[in-house]
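Biologist: Pick one part of this model and give me a close look at it, please. I'd like the sheet with the helices packed on it, plus the charged pairs around it.

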Amino acid sequence: MADLVKGSLPAGVVSAFLAAVGDIALILSGDGMIVDITVGHGELASQEFADWVGTAWIDTVTIESRPKVAEMLADAAKPGAQKALRWRQVNHVTPGGDVPIRYLMLALGDDDHLIAIGRDLRGAAVMQQRLLQAQQAIERDYIRQRQSEIRYHMLFDSVSEPVLIVDAEDRRIREANPAAYRLLDASPGDLAGRALTEIVAPEHRDDLIAYLGAAEVTDDRAPLGLRMVNGRGDASLAARLFRQASKPLFIVRIETIPESNAVPQFDALLGSVIERMPDSFVLVDRELNVLTANSAFLEMTEVSSIDRVVGLQLGKWLGRPGIDLELIVGQLREHGAVRNVATIMRGAAGSKEEIEVSAVCAPMGDSECFGFTIRDVARRERGVPVSPGDVPRSVGQLTELVGRMSLKDIVRESTDLIERLCIEAALVYTSDNRASAAEILGVSRQSLYSKLHRHGLGNLVPAEI
């Protein structure tokens, strides 16, 4: 090639030949002016490179590339420069944008001309960009996969249900969550590699093998009931096949079955007893909607069936609207229970009964419920003969009337109480001398005798009337 360059071939022929080797060849004068251009790349031909003839090479490149062009021209002018040739990349300014080209500078014969052989780097740049994008995509996929694995392990470890990952080919445990280690009383890592059949009682191992074989061909297998090894009780085992990296695996869920005891039958017995109670019982939710009630409650509310009360507000029947029930519920939420609160019960037909209410608050899932027992005190009071003129004998008895009587009736009862207390005090003060008692009370003897009779404070003799 050196002999060819130094021979008698014209510069145009040499540049055409070298352009065929590269993508572009520039014939330059010693001072860096472009004498001739030969383009061997179709896409470069459309960039108007031919217009550069007669232009300084350094003026066709970007500002950043000008030091490189000046350095290549200077190196080519040095003695022995052909032995230290190296490729340098510059960026040409074209109407279509910057074009990166890598040049190799050669001296052309002895006539003080230079030739720059160039290779278009746009294809390589595109490949590098694609490579970079592919590398970034791989890194993003790796990060997503890593994050998915972290979430999987967090979820796997936080599940309260025992879960095992089992190899479908050799039936050996690959992974187990902490709940499974607690159930099997194993140390972390002890279950990995063990056969799944080792966790169940020997008499159920064949059933487990058959169940896993069936789970490989269908996904809707019902859970298998079996007994765990070493007396850990009965359990329900469910297996489902999945694939990971083309490898079949089972996800096995284990649910322990509590040992049967007498509690369920006592629960049924308790419900039967509540249904037969003479006192009313009603269970309501946090919003005081009726959940269930016994027959005595239906009788007191004058409703024919339980379906007609379930879901309705207890305030429809219990207490004076907006007063009693709110106070009772407030005490329940503060103290957890109330006892013997006097109020009224309104029946669907318009009847009213004086009652005593006791209630308790109990948890119900994430919320709470209230149980009320209701006793009809009007029946109890009707069973005891009471004098028509009987009135409260103390302030305590008087305050017990709140909720049972209207304010007007309570005021009347309090007046009778005060009158009776004053008469009793006068009789004590006069040593039961009724004439003197009438005088200090400022009433006539006949009026005093009438009040004594009304309040039941002494038997009158005919002579006193």
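**Salt bridges and the sheet beside them**

Modeller: Let's start with glutamate 216 and arginine 171, whose side chains meet in a salt bridge at 3.4 Å, N to O; that term means a side-chain nitrogen of Lys or Arg within 4 Å of a carboxyl oxygen of Asp or Glu. This pair ties distant parts of the chain together: glutamate 216 sits in the loop between α7 and β8, arginine 171 in the loop between β6 and β7, 45 residues apart. Glutamate 216 is partly exposed at 35% relative accessibility (buried is under 20% relative accessible area, exposed over 50%, partly exposed in between, with a 1.4 Å probe and protein chains only).

A word on the ground rules: this is a predicted model, so local features need pLDDT of at least 70 and side-chain atom pairs count only at pLDDT 80 or more, while totals for chains, interfaces and linings use all residues. Residues are numbered from 1 along each chain as its sequence is written, and side-chain values use heavy atoms, with hydrogens and water left out.

The loop between β6 and β7 also holds glutamate 169, which is bridged to lysine 247 in strand β10, 78 residues apart. Lysine 247 is partly exposed at 27%, whereas glutamate 169 counts as exposed at 56%. Both belong to a salt-bridge network that also includes Asp167 and Arg174.

Now the sheet itself. Five strands make an open, antiparallel sheet in the order β7-β6-β10-β9-β8. Strands here are DSSP E runs of at least two residues, helices are H or I runs of at least four, and both are numbered from the N terminus; two strands pair if DSSP finds at least two bridges between them. At the edges stand β7 (173-176) and β8 (224-227), each with a single partner, so one side of each has no neighbour in the sheet. Neighbouring strands are turned by 30° against each other on average, direction ignored. Further in, five bridges join β6 (residues 163-167) to β10 (residues 247-256), and valine 166 has phenylalanine 250 in β10 as its bridge partner.

Two helices pack on this sheet. Helix α5 (residues 122-158) touches β6 and β7, its direction making about 80° with that of β7; contact means heavy atoms within 4.5 Å. Helix α7 (residues 205-215) touches β8, β9 and β10, at about 35° to β9. Axes are lines fitted to C-alpha atoms, for helices over the stretch in contact, and angles run from 0 to 180 degrees between N-to-C directions.
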